[in-house]
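Subject: Structure handover

Hello,

Here is the structure you asked for. My notes on it follow below the files.

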Amino acid sequence: MIVKKFNDTIMGLWSLLVGLKVTAVNFTRPQITVHYPRQTVPSLEGYRGHIELVPQDEDPLKPKCIACNTCARMCPSSCISLTASKPKKKAAEDKECSGEESGEKPKPKKAKPELESFVLDYNYCSLCGQCVQNCPVDALRYTSDVYLAGFTRQEFVFDLLARLQDQAAQKEQ
Amino acid sequence: MIEAIPIPLIVISVGLAATLAFIGLNALVLVYLERKVAGFIQRRPGPYEVGPQGILQPVADGLKLVGKQIFTPTGADRVLYWLAPMISIAPALVCFLAIPFGPHLQIINTNVGLILILAFTGINVLALCIAGWASQNKYALLGAARDISQSVAYEIPLLLSILPIIFMTGTFNLFDIASGQGAWPWQWYIVYQPLAFVIFFICALAETNRNPFDLPEAESELTAGFHTEYSGMGFGMFFLAEYAYMVVASCVTAILFLGGFQGPVASGWWWFLAKVYILLLIMIWIRWTYPRVRFDQLLNICWKWLIPLAVFNLLVTLLVIAI
Amino acid sequence: MSLDLRLDTSGDFYANKFQPTKRDDTLILNMGPQHPSTHGVLRILLEIDGEYIIRAEPVLGYIHRMHEKMAEVKTYAQYLPNPSRTDYLHALAWGWAHVGALERLMGLEVPERAEYIRVITCELNRISSHLLWWGAYLLDLGAFTPIMYAFDDRERIQDILQRITGSRLTYCYYRFGGVSNDIDDRFIEETRVQCARMKERAKMFKDLVTDNFILRKRVEEIGEIPLDTCRKYGATGPVLRGSGQAYDTRRAEPYSVYDRFDYNIPTYDTCDAMGRYLVRMDEMQESINIIEQALNGLPEGDFIHPKAPKRPKPPVGDVYFAVEGARGKIGMHLVSDGSNSPYRLKLRAPGFSNLSLFSEVAQGILIADAVSILGSLDLVIPEIDR
Amino acid sequence: MNNQDPKAGNSKDQKKAAKEKKSTGPEYTGYDLDYFVQTKDLFNAVHKLDQSGFFLEDISCLDMEEGFQMVYHFDRFEQPGRVGLRVMLDRQDPQVPSIYDIYPGAAWHERECFDFFGVRFTGHPNLIPLLLDPDHKGPPPLLKEESERKGLDQLYPDREQTPLSPDDQDFMRKIQECSNLKSRTQS
């Protein structure tokens, strides 16, 4: 019995030294951390950040969204609020009002309601993706900007329509 | 007028000022060293933000601690609460007086240097006990209780492991012990007394509450042990005291077992500092590797393993000397 | 205005309830809810005599969010993000339980490829959960370095999962009838690399910690939970397998395609914290084994049922669906009245039953051991409080 | 709350057709044995289950028109198979004997049901709130409004609700060889 006890202790002390060796080996190995302010994480393309509006193919200024309110209804924490302008009667004054909007195809049936404002309250968003998935016209997509910081809650209430306009403007330059 | 002031008083006052500077500087270097080594072991860079490569990080910590508001927790015994950090740091100063840094660099060359150091390191226990009791916090009380039994238990093997050296050299004078050993490593006492060295080092770790034995300030069990209620300079003093005692422990180890300022080429204070810092690095290295020992195991190690080994080692040395 | 500096030692509702049988020489200690070693906000009332615990009583409810009421208020689709918030360490298993319960109720069959993807991602998530448990447990015992090594591996797994699922911790990846995003070759290749790397990392973990003399002393013969106590309290998962019972929902109630893989259930009958520790360490290797088999047998096909309902309205019914989470058996008792939100959804959290046996196990042990036992039970408080 | 958007329209009547076809809903409901039991027989039934090696999974409660339905889930290590015991309690005085003496683990489950539904458990060691705040004055949170409550016949159209007494032989026999492999192969 005593021999076993001694044997245990000797093995134990040996394991202590082995532990030291492991930390020593790691001491010499290069670092693996990313120094955040100076370097940022390279692989972010799959990340599901807050949503943004998808511009129409032919006219980057106008969103694809048809203001059908599905995303606002589907959102678990109801953080999407959007308002749409009442569609003008198509039949009579379609010609002259569509003069200045290029590319408005005069369709016989009622014109789609025009999106006026699309506000996302990112404070309550739980990034579940219900809005993007249930959108009938795929007018929403995820951004992958992780590094968001702000001083007040209001800074996280994004006006996605304005954001679309800026992106379109930047693309022009 | 100058003769009116006795020479030793001047020497001691200059020595004390030098010791204060040495402790302060050492604390800064050690804090930086510990965080860098911890970082590298955990494969992260450690502090690099403040100053080039994070050199000024300890200074920043010091300023933060000084800047904190000083407050006494409700119901705490105000006098004792603020006395504890002072009692904790004061003995550390005195210990440095007797340490021979170099052939000429010694403040007091007393022949009871070793006893002086051992006596004053004992006072630290009192400080931690007062701190634990005065901050009126259940966790602090538990931390203090643990610290008392730990320090008292590890005092005995500490002394027992020093005795063989005393018998071999026959003096308590640190200067003679240091100069008694030869310049070359195989002439140092570690070769004659390897077991005593290991026991002494373990006891030094236990006395200064370093990792495998850091039960009095066990973060995960007692939230912070005896200095739970301290913040700002109160905590700063305990922090400084812990590093000071670490330096004292490694200085004494260097003198007793590694030949003090004796070095192969030109013996001097730089050899002494090199040995001290190697020992400190080992202490830091151990801290970032091992989990914490449980309380009753801590006492078992001391009573069942260290003390019998130390006594056995003492007897063997006496036999060898007697023949 | 005299400032009343006396300590108000009146204590709150639970402390007073705990108080009456207190002997005069003991100390009532509040371990938590702000305590470093109770992961999250668990509060344990301890009556201690010196360092020995006489009575212990966990107090819950500090992070209770009433998920079951949320289920009744929200529709099925809107409830998808909630399960991953109950247990954020093994979020995919909880998501699987919710989605699986509904699929069983509606009789919706999930395509082969989706089942394989679910197995792969769920096992990856189990490994990352065990890694975090391992680091946090060692942190409780006082070793500061292992948690950094654990996070090194965990971050790599999270990177792999982030590319496909879109998030790193609270995945909302499973949908009714499949998954929301297909996996590509880069995911498969990265997973193989990580699995290989995990195998030789296990050797380093073993050297640094499992064989460590101090750790063995802190973990062996601590927290003896005999098999009968496990059964009486309904403990499942590694806590049960550490007491000698090879009960794993993946094998006991085979769901999805788990019956196609051959993997053994690591079991140790030492009944103590060391047994639970070794069970989880081996379980990581078993999960790697399962992932590799699943990757080899990954069939082609669509990753979600073509006609999967986005807004399901299940028939009337009463269903129970159980999944093996990292901490034990996760169960969802779903009662539907035909509308598009459940009539009643009962979440069975493994941590709830595992923790309930703590007050019996903690009689007469040291505080340091109490911390070691709590660590070995692998508690995630949001899952216990729901 | 139930949104009648166009998309779900056609899937609803498609579902109505599916519902008529198999009114019992899914074949394998996760339960291998499922009984209604009298309140007074509950203790006896749970005792028999304890003898044959079952462990308590959880205790959940439903707020129905006829009152509260307590659902006890048991499962077994050796021959895994889930047994559901259901007890109907009337609404005015929801009283049920606590099974703490057989399964100490039930203490917390029962306290939770007490929190959420206000069901009282006689013989419970310390029936104090577990998850909710002790001075939470409001009604138990999971109670449903009058209009939303459903009856037993609506939720369990085909299940025979005659409570079974645990004394007769086949209850014991059924428990012994209850296993989910058998019922899984049938479906």
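What share of the 386 residues of chain C counts as buried? The answer is 59%. Please keep in mind throughout that this is a predicted model.

Chain C overall

Chain C holds 16 helices and eight strands. Its radius of gyration is 22 Å, close to the 21 Å from the globule rule for 386 residues, so chain C is as compact as a globular protein of that length. Along the principal axes, the C-alpha atoms of chain C fill a box of roughly 70 × 50 × 45 Å. Taking contacts in chain C between residues at least 6 apart in sequence, 71% join residues at least 24 apart.

Sheet S1-S2-S3 of chain C

In chain C, three strands make an open sheet, ordered S1-S2-S3, with antiparallel pairing. Its edge strands are S1 (27-31) and S3 (52-59), each of which pairs on one side only. From one strand to the next, the twist averages 20 degrees. Strand S2 (residues 43-49) of chain C is joined to S3(C) by seven bridges, and the two run antiparallel. If you want a place to look, C:Leu46 stands opposite C:Ala56 in S3(C).

S6(C) pairs with S7(C) in the antiparallel sense, over eight bridges. Within that pairing, C:Ala322 has C:Gly331 in S7(C) as its bridge partner. Four residues lie between the two strands of the hairpin, and C:Gly328 takes a positive phi near 150 degrees there.

Contact between chains C and D

Which of the five pairs of chains that touch has the most contacts? It is the pair of chains C and D. Their contact takes 43 residues from chain C and 41 residues from chain D. Several elements of chain C each supply at least two residues to the side that touches chain D, among them helix H1 (13-18), helix H4 (91-106), strand S7 (329-336) and helix H13 (350-356). By class, the side of chain C that touches chain D has 16 nonpolar, twelve polar and 15 charged residues.

Chains B and D are another matter: no contact joins them, and their closest C-alpha atoms lie 25 Å apart.

Chain D

Chain D has six helices and six strands, and along the sequence they follow the pattern α-β-α-β-β-β-β-α-β-α-α-α. Of the 187 residues in chain D, 37% are buried. For contacts in chain D between residues at least 6 apart in sequence, 64% join residues at least 24 apart.

The largest nonpolar core

This core has 275 residues, and the members that touch the most others are B:Ala244, B:Val248, D:Met70 and D:Val119. Helix H10 (residues 233-258) of chain B gives the most to the core, with 19 residues. Apart from neighbours within four places in sequence, B:Ala244 is in contact with B:Ile23, B:Ile89 and B:Ala92.

Regards

Definitions and conventions:
Residues numbered from 1 in each chain as written. Chains lettered and ligands numbered in written order. Predicted model: local features only at pLDDT ≥ 70, side-chain atom pairs only at ≥ 80, totals over all residues. Contact = placed C-beta atoms within 7 Å. Nonpolar A, V, L, I, M, F, W, Y, C, P; charged D, E, K, R; others polar. Pairing = 2+ DSSP bridges. Axes fitted to C-alpha atoms, helices over the stretch in contact; angles between N-to-C directions. Buried ≥ 20, exposed ≤ 12 C-beta atoms within 10 Å, placed from the backbone. Core = buried A, V, L, I, M, F, W, Y, C linked by C-beta atoms within 7 Å. Rg over C-alpha atoms; globule rule 2.2 N^0.38 Å.
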